[in-house]
Amino acid sequence: MSRALIIGSGVAGPAVALFLHRAGWQVEIFEAAEQPDEYAGLFLNVASNGLAVLEQLGLRERLVGEGHRAPHMAMWSSTGKQLGTVPNGPAREPDRGGVVVRRGILHRVLREAVQEAGIPITFGARLESIHETDAAVHATFADGRTATGDLLIGADGIGSPTRLHIDPAAPAPEYSGLVGLGGFAHVPGLAATPETQHMVFGRRSFFGYLVRDDSEVYWFANITHPATDRPALRKVSTGEWLAELRELHADDPYPVPQILEHASGEVGGYPIDDLAHVPHWSRGRVVAVGDAVHAISPSAGQGASLALEDAITLARCLRDLPDHSAAFAEYQRLRQPRAEAVVGYARAINKQKRVTKSRLGIAIRDAMLPMFLKKARDDTRNDWLYNHSIEWEQRAPIG
Ligand SMILES: Cc1cc2nc3c(=O)[nH]c(=O)nc-3n(C[C@H](O)[C@H](O)[C@H](O)COP(=O)(O)OP(=O)(O)OC[C@H]3O[C@@H](n4cnc5c(N)ncnc54)[C@H](O)[C@@H]3O)c2cc1C
């Protein structure tokens, strides 16, 4: 039986572990965090293509049951005018829309499935170095512990040490010019927003929110910051971020200022980065998946879904192809063009969110957007994002 060491218990890590386990592999997951945290990392959209992978793991309903179904995105101007509604999923198929869920819940659903399958997960295991021989790969962790396998799969996120082991000259993540912030709130009297997320092109910053049936508000903002600010951004406290956000959104329509007034807990403030054009996704016995090789900024709502697609694809290739070198090459061939296209799609959305426009520019955008969004409602041109189907039962193609 072949043995894989999987680094990272985010999204791609547990998913690839579950598929490989199903294919008869012995797998073990090593996660840097000391313990699971259901409240870490805000919330994310799992799109229909990601849900299709979860379905094949028998986890779709578990996740949907804990999330907020959001097949529609209602877009608003800074003056409170509704600009239009666009689908969060394939056009004219609201039943296949995305689900917004706390990131920690997605992690938990996957982690519980891993534990039910008897796959070991070690927390507090931060990968430090990788060493390969002809016969095996050895991982060394920060606390000195080691592990040995036939393969190592780096599902260790955008800051992946595995990516650097594969290619020390691999490109670094790029800053989008936007800082993402977000959190949770309860606003007295604010009604639930069934099946909908609201997006507001605010005067000085972009804002999104939804209200769950239990009245909890999930909100986020994207504010424009030059790259030179980047090192300083990480030091800003929650209180300082909230003060800045309240100021930036003070003149925006209800309920944006009210949500910020009632925001509670930590506000996650992070520079939004992405990563594309990583030339080598594997070397020797080591391969990387998910954000480690192609990070998509949150604007596309696709990062977690692509990580799930990578997981099923890599496991299929390892199951069906004669050796790991052939499997890794086929996996990259199948995945890279799609991942690059989604990164490009998210970059185009980010351009709209950056506030570089003059008052006149904003007026023109608000005048043009309704026409554009009216078309977008039934436009099937983005369906390629959502209609990507990867069936576990089908044999991986040989390139
Ligand atoms: C605020 C925010 C909002 C987002 N919104 C969306 C959205 O709406 N929809 C969407 O699909 N995607 C969204 N994304 C992107 C999405 O979260 C990622 O694309 C997805 O989590 C990638 O999964 P992954 O498994 O590759 O990496 P991750 O989920 O980042 O998991 C990597 C794991 O590896 C661990 N790790 C890191 N280094 C080491 C090490 N040295 N040793 C051991 N373990 C290590 C980390 O602790 C982590 O648990 C968002 C991202 C952010 C930051």
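Helices (H or I, at least four residues) and strands (E, at least two) are DSSP runs, numbered from the N terminus. With that in hand, threonine 193 sits in the loop between strand E13 (174–186) and strand E14 (196–201). This is a predicted model, where local features need pLDDT of at least 70, side-chain atom pairs count only at pLDDT 80 or more, and totals for chains, interfaces and linings use all residues. Residues are numbered from 1 along each chain as its sequence is written, and side-chain values use heavy atoms, with hydrogens and water left out.

**Threonine 193**
- Threonine 193 is buried, at a relative accessible area of 8% (buried means under 20%, with a 1.4 Å probe and protein chains only).
- Its side chain gets to the backbone nitrogen of valine 211 at 2.9 Å.
- Leaving out residues up to four places away in sequence, threonine 193 touches His68, His198, Tyr209, Leu210 and Val211 (contact is heavy atoms within 4.5 Å).

**Around the ligand**
- The ligand has 30 residues around it, and Glu31, Asn45, Tyr270, Asp291 and Ala304 come nearest (a residue counts if one of its heavy atoms lies within 4 Å).
- H9 gives the largest share of the shell, 4 residues.

**Ligand oxygens**
- For glutamate 31, a side-chain N or O atom is 2.6 Å from a ligand oxygen.
- For asparagine 45, a backbone N or O atom lies 2.7 Å from an oxygen atom of the ligand.

Terms used. A polar contact is a pair of N or O atoms within 3.5 Å; within protein, one must be able to donate a hydrogen and the other to accept it, and residues adjacent in sequence count only if both atoms are side-chain atoms. Buried means under 20% relative accessible area, exposed over 50%, partly exposed in between (1.4 Å probe, protein chains only).
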